[in-house]
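Hello,

Here is the structure I promised to pass on to you. Please have a look at it first, and then read my notes below.

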Amino acid sequence: MCGLGEDEDSCLIRLDEDDEGATRGSLLDAVLRCNQYDPSNYAPVLVSPGDLQVGYVSGEMLDNLRALTISTRGGYEPVVIGPSPLKRTIGAGGESSINSEAVWLAPHEDDAAGRTRVVATLVDGLLADGAVPTDKVRNELQDVRAISSKGGGALAEAVPLLAMERAAMINFGVPSLGAHVNGYVTDPASGRPTAMWLGRRAMAKPTYPGLWDQIAAGGQPEGLSFYDNVAKECEEEATLPRDLLDMYIRPAGLVSYRYAARRGLSSKTLAVYDLPLPPGVKPSNGDGEVDEFELMSMDAVAACLRDDLPSWKPNSALVAIDFLVRHGFVGPDDEDYLDICHLLRAAP
């Protein structure tokens, strides 16, 4: 799906013109392009004790891990590969030998600090071997939590099991977390949204330059609350002060997705926030990451998503469609409604 060297932050997900059931010019296109993968092509990544699943690795990544010759303090190997204790998934291509195996991260460590230290050594080895591109390194740790067996998503386990360099998350198929803020204006009488503020990403950005985005969004750093992260991003990207957020912003649920990428399985869960902006308040960029903000009517937003999907950052399109569904601009009588609602939260 992605080109050589591209990852979940740098590749535009290609629309597959041969997708059955995806009608050109439909909102379903946006959610389908972020939900394409065969689970049988990936082995589970586990953490002990309890064999808690935290991610997925491809067959190529399994080979990369087998080829590593590094060890940690005490001479222990940073990963162990063996028969999977989990139920195998049979995908579209039938049975696969890949998901008959599993990868245990830092199996000799029993706390988050120890696992984080060992996995950092592991990532260094993958960087040295070229499995993780050095130019993708953010020097930013993100928390790794258990994926709920009950479909609760990446936020189901409150306590992080370890932290991992952000650039390596996709290699291990670990669900990364983020937050997106919908800024909009409402009709004074009904309170119904009438228009949405959209940011056009700066052309100087290395990822998705020039594409439509929410007024503020970002990955979820280690050790920061979602609300503090949202306040930081709103101040930096839209110059909106925290006291404004304290008065108006509200959490509005989650959007999750998972798709096959060049280096692994991109899996994300986004915390979504709604921010109705009072009269006279307009976003303005403060960090150079947005070239312009545009106030677009809700009808125009829906039309743009249907007819000009490549102009949207892929996961930002999902968040905008979620907004349309939650606020009644897309309903049960509309085309593909059931599939759209399901795929907006498809990643378990």
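Leucine 141 touches Ala163, Met164, Glu165, Pro221 and Glu222, leaving aside residues up to four places away in sequence; a contact here means heavy atoms within 4.5 Å. This is a predicted model, in which local features need pLDDT of at least 70 and side-chain atom pairs count only at pLDDT 80 or more, while totals for chains, interfaces and linings use all residues. Residues are numbered from 1 along each chain as its sequence is written, and side-chain values use heavy atoms, with hydrogens and water left out.

Leucine 141 belongs to strand β5 (residues 141-144). Helices (H or I, at least four residues) and strands (E, at least two) are DSSP runs, numbered from the N terminus. Because its relative accessibility is 34%, leucine 141 counts as partly exposed; buried means under 20% relative accessible area, exposed over 50%, and partly exposed in between (1.4 Å probe, protein chains only). Glycine 223 is 82 residues from leucine 141 in sequence, yet their C-alpha atoms are 9.2 Å apart.

Now to the chain as a whole. It has eight helices and 13 strands, and buried residues make up 53% of its 348 residues. Among contacts between residues at least 6 apart in sequence, 67% join residues at least 24 apart.

You will also find an open sheet of four strands, in the order β2-β1-β4-β3 and with mixed pairing; two strands pair if DSSP finds at least two bridges between them. At its edges are β2 (52-58) and β3 (79-83), each of which pairs on one side only. Strands β1 (residues 42-47) and β4 (residues 101-105) pair in the parallel sense over two bridges, and valine 45 stands opposite valine 103 in β4.

A pocket is an open set of points on a 1 Å grid over the protein atoms alone, where a 1.4 Å probe fits, with protein on both sides within 12 Å along at least five of seven lines; lining residues have an atom within 4 Å of a point. Of the 40 lining residues, Arg138, Arg166, Arg201, Lys205 and Thr207 are the closest to the centre of the largest pocket. Helix α4 gives the most to this lining, with five residues. Elements that each supply at least two residues include β7 (176-186), β8 (193-201) and α4 (226-238).

Enjoy exploring!

Best wishes
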